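Open your viewer and get your selection tool ready.

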Amino acid sequence: MASDQTLKLISATPSPFARMNRIAMTLKGIPFELQNEIPWESNTQTPKYNPLEKLPVLLFPDNRPPVYDSAHIQEYIIQKYADREPKLLTGDIDLDLQARQMQVLSEGLMDAFVLGFFESRREESKRSVERPAMFDLKEAVV
Ligand SMILES: N[C@@H](CCC(=O)N[C@@H](CS)C(=O)NCC(=O)O)C(=O)O
């Protein structure tokens, strides 16, 4: 149940970035309120909190500056709630380096996928003729 003390996550249901933070907060049992948005619609709140106008954004109940970018939010969750299981990282710097490497790679792939998704939805005449074939989702999905 949301209260004035609850963290709020600006999210979109299909967003793979927000999903990582939602899973982490849910696994750790951190109470939070979801504010679902469609980030490219005119009523999105993201420009108020993130100059890059992207979600997810984590909002604090005491009006501290919000945190944006899923990786930073994830790092905050892991460190702030380090005493809660599951730990999500091991505390071993070399093992955690591998986990973070995988995270960076996944985010890079998701960035490319999201950009490709928007490119594939543009009017045919406006789409880049040099776009990689993987950006044609019909081909990529099949
Ligand atoms: N690097 C960012 C990427 C976030 C991202 O691309 N979010 C998408 C939704 S899945 C978005 O808000 N796009 C809005 C836009 O590009 O205008 C992160 O990890 O938080």
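**Stop one: the ligand shell**

Select the shell around the ligand: by class it holds eight nonpolar, two polar and four charged residues. Here Ala, Val, Leu, Ile, Met, Phe, Trp, Tyr, Cys and Pro count as nonpolar, Asp, Glu, Lys and Arg as charged, and the others, Gly among them, as polar. Before going further, note that this is a predicted model, in which local features need pLDDT of at least 70 and side-chain atom pairs count only at pLDDT 80 or more, while totals for chains, interfaces and linings use all residues. Numbering starts from 1 along each chain as its sequence is written.

Which of the 14 residues around the ligand come nearest? Show Ser-15, Phe-17, Pro-39, Lys-54 and Ser-70. A residue is near a molecule if its C-beta atom, placed from the backbone, lies within 6 Å of it. Next, colour helix H3 (70-80) and helix H4 (93-121), as each gives the shell at least two residues. Helices (H or I, at least four residues) and strands (E, at least two) are DSSP runs, numbered from the N terminus.

**Stop two: the whole chain**

Zoom out to cartoon view and you will find five helices and four strands. Trace them from the N terminus, and the order reads β-α-β-α-β-β-α-α-α.

**Stop three: the sheet**

Now select the four strands, which form an open sheet with mixed pairing, in the order S2-S1-S3-S4. Two strands pair if DSSP finds at least two bridges between them. Strand S2 (32-36) and S4 are at the edges with a single partner strand each, so one side of each has no neighbour in the sheet. S3 and S4 run antiparallel to each other, paired over two bridges. Pick Leu-58 and you will see Val-67 of S4 opposite.

**Stop four: the core**

Finally, display the largest nonpolar core, with 15 residues; Ile-10, Ala-18, Leu-55, Val-57 and Leu-58 touch the most other members. Such a core is a set of buried Ala, Val, Leu, Ile, Met, Phe, Trp, Tyr and Cys residues joined through C-beta atoms within 7 Å; buried means 20 or more other C-beta atoms within 10 Å of a residue's own, with C-beta atoms placed from the backbone. H1 gives this core its largest share, four residues.

Conventions: A residue is buried if 20 or more other C-beta atoms lie within 10 Å of its own, exposed if 12 or fewer, and partly exposed in between; C-beta atoms are placed from the backbone.
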